[in-house]
Amino acid sequence: MADQSLSRRRFLQSSALVAGGALMAACAPVAGDPGTAAADEGDSMSEEPVELVAQYWGTRPEFIEDREILAQRMTEKFPNVTASQNSVPGGQYGEKVLTAIAAGTPPDTMQLNHRWEPFFRGQEALLNVIPFADADAEFTFDVFYPRIIELGTTEGQLVTVPRGWNPFVIYYNRALFREAGLDDLTTSWENDTWNWDSFLETAQALTADSDGDGRTDVYGMFFPYWYPFLRLGGGDVLSDDQQSSGLGSPEALAALQWLADLRLTHGVSPTPAEIEGLGSAQDLFTAGRVAMFTAGAWGIGALTRVEGLDWDVGPLPRAAGQPPVGYTQYYGHGIPKGTQSAEWSWEYLKIISDEESNITVAQTIGDVPAMRHIAESEHFAGLPKPPTRQVFIDSAPHMQVWPTIAPITEIMSRAITPELNLAFLGEKSVEDAVAAAGPQVDEILATFWGN
Amino acid sequence: MRSRQAQVGQTANELAAGKRPRMSGIARKEAIAGYIAISPWLLGFLIFQLAPILAAFYISSTEWRILSAPEFIGVRNFDKLLFKDDLFWQSIKVTVIYVIFRVPVSAVLSLALALLMNQQLAGRRLFRTIYYLPAVIPLVAVSMMWIWIFNPEYGVLNSFIRLFGVEGPQWIHSSRWALPALIIMSLWQVGTGMVIFLAGLQGIPAHLYEAATIDGANTWQRFLKVTLPMLSPVVLFALVMNVIGSFQIFTQAYIMTAGGPGNATLFLVLYIYRNAFEWFHMGYASALAWVLFVVVLVISLIMLRSSEHWVHYEGRIGGA
């Protein structure tokens, strides 16, 4: 009988083999060649059974339902296709998609926005959708807001078919405005009497210590996002040539100082501690603790559901000597390279971005649809609440987005936000914060551009 | 077949010659059974820990953004983190301060609690449970709770401080107080250390105390001359585990402060995470992870080496 016992040496040899195998697997080149051209992707379409997966972030019930409907519509149109969604929490999106692509099993379509589009485009992980559109008689980009297509196009390539956009506006509590003896806000983005001075005066008139205990009970405004004001003031985080930090420009410094003063000098905006204790901007607004706040169109859905809340929207106020800025975040869907069949992905993408889907964006999700005629129809502009929905749509000619350079998220979260947070807390001057952030921004850019 | 005596004689000769003795049949079978018994852990360790650790070492010498193949760049990641990255040194500074304050204070508190819980007190089982409870509550839930405790406006801590007519600090909303806040929060979980020390205390033979009492030792002397030496192996274990755990602090900072304000709580593991999963610099993150590994390894080795001078192992021949 052969000796079945395992010698220590043999055992260690076997173990080393297992570990080595695992190591090699871990170090193996990633699957999915990102160099493949759009037209070469996948097999031609056939009647063979196909399973498609659309990748999304966000797991709210209305999102899931919307995506289920899109998948069903795909199967109805193409009975041989089984379509499904893969929805993950927003914080896990990058990790999940990268892992799937690296493992050679990318989704067939994936959601993209101002954060993820630059990153994945920078990684050359997305297909240019223009050739698909050109070859498809059913599809045209003309139905979308041209500015979205223009802003999304880089070096002749477009990787996202847009679905919705979120122009930032001022949400305001009309009841509090009336209590303070204020008129409704203008609805015109061009109106230069609605400027940073009148905005501050309005915020000051709304800020109140109702019970006289020395603590502010109602704040005039709250700015969860500083970037739109930077742009309104004529500044930006990057220089025009995107080679260095732009925060040191006089316009940027003045805009950031004005924002810091809102909280630190004028006391019209709550501190982070107060916000944490009271809830989100929307919670504060709903509770009547904040009279104005800035957000995208996503505020509509939640606020519409609050009974008895009398609210409306107005444009972002203009800075002196600056044109109107309709800062927006748009989102849509793209096709990852290495997908099983780019042609089927394109078909799925068309359904995700079509007219019926845009109506869902308007009515169920509450964002502004990317299709202009849907946005301006009764499906969005014609809805009763808020009464001045046109403000969202009228921002289109002034549409601006944040930089589309690939490392923008790292620039923001690594270099700029920690420093600006100290300035907004009053622990550092704006000049010092910008001076500290600048070299970090420059370093990230130098690495990116290979300088 | 060789006689048993011959085998023993051969083994003795091999030992004398410094050779490893050949295993007997029974010993070999026992060894195999042992390896089989530990194989689930061993395989798990090799595949899911050792292999990724070695892979990370290779990755640390590359620039790897996941979607393209890793590009070998030699020691450039280490050069960058050591000489060009202020945030790395900030994360080291924050982490070391945390370890320096947290480890000794929590060790003293754990020991004090364990001594208290080792007394014949009414309801001590209840108290043991109460003190240990925080250690079994998920850290995410604990963090959410402490966010409220630390809230400068509405939190219970500043409300308490206000009773004395003093306005409390901004805690996690201040770059000066955020790190002390997380250190204070960590002490809430001294129950783990307490349980370990309690087990150690209960293993000390009563006759040693009796003998010390007969020799005229007072309570303090008994603690110093009997309890501490007898407990020293447990102290060593608790310290090493605490140091390793403290270097790995992540969840609290991730949830409560996101490393801020202004990188005031940017612990090393949080910085590794952000490099890997927010900015997707896997090569650089791996280099950072290896630095953490080496730092923890060196400190653990120093502690273990130093233990020869202060750890007392009862019954060890020729030992301290």
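This is a predicted model: local features need pLDDT of at least 70, side-chain atom pairs count only at pLDDT 80 or more; totals for chains, interfaces and linings use all residues.
**Chain B, domains.** I noted that chain B is split into domain 1, residues 4-59, and domain 2, residues 76-310. I then looked up the spacing of the two: their centres, taken over C-alpha atoms, are 36 Å apart.

**Chain B, annotations.** In the unreviewed UniProt entry I found "domain: ABC transmembrane type-1" assigned to residues 92-303 of chain B. In the model, I read 74% helix and 0% strand over residues 92-303, with 19 Å between the end C-alpha atoms. The unreviewed entry also gives "transmembrane region" for residues 32-59, 96-117, 129-149, 177-201, 222-247, 253-273 and 285-304 of chain B.

I examined two of these spans individually. Residues 285-304 of chain B are 100% helix and 0% strand, and their end C-alpha atoms lie 28 Å apart. For residues 253-273 of chain B I read 52% helix and 0% strand, with the end C-alpha atoms 12 Å apart.

**Chain A, helix pair.** I turned to helix H18 (residues 408-425) and helix H19 (residues 430-449) of chain A, whose axes come within 8 Å and cross at roughly 170°. Angles over 145 degrees count as roughly antiparallel, and H18(A) and H19(A) are therefore roughly antiparallel to each other. I listed the residues that make the contact: H18(A) contributes Ile411(A), Arg414(A), Leu420(A) and Leu422(A), among others, while those from H19(A) include Val430(A), Gln440(A), Val441(A) and Ile444(A). By class, I recorded 12 nonpolar, one polar and three charged residues in the contact of H18(A) with H19(A).

Technical notes. Residues are numbered from 1 along each chain as its sequence is written. Chains are lettered from A and ligands numbered from 1 in the order in which they are written. Axes are lines fitted to C-alpha atoms, for helices over the stretch in contact, and angles run from 0 to 180 degrees between N-to-C directions. Helices (H or I, at least four residues) and strands (E, at least two) are DSSP runs, numbered from the N terminus. Angles under 35 degrees count as roughly parallel, over 145 as roughly antiparallel, 65 to 115 as roughly perpendicular and the rest as oblique. Two residues are in contact if their C-beta atoms, placed from the backbone, lie within 7 Å. Ala, Val, Leu, Ile, Met, Phe, Trp, Tyr, Cys and Pro count as nonpolar, Asp, Glu, Lys and Arg as charged, and the others, Gly among them, as polar. UniProt positions are given in the numbering used here, feature names are shortened, and annotations may be inferred rather than shown by experiment. Domain bounds come from an automatic or database domain assignment.
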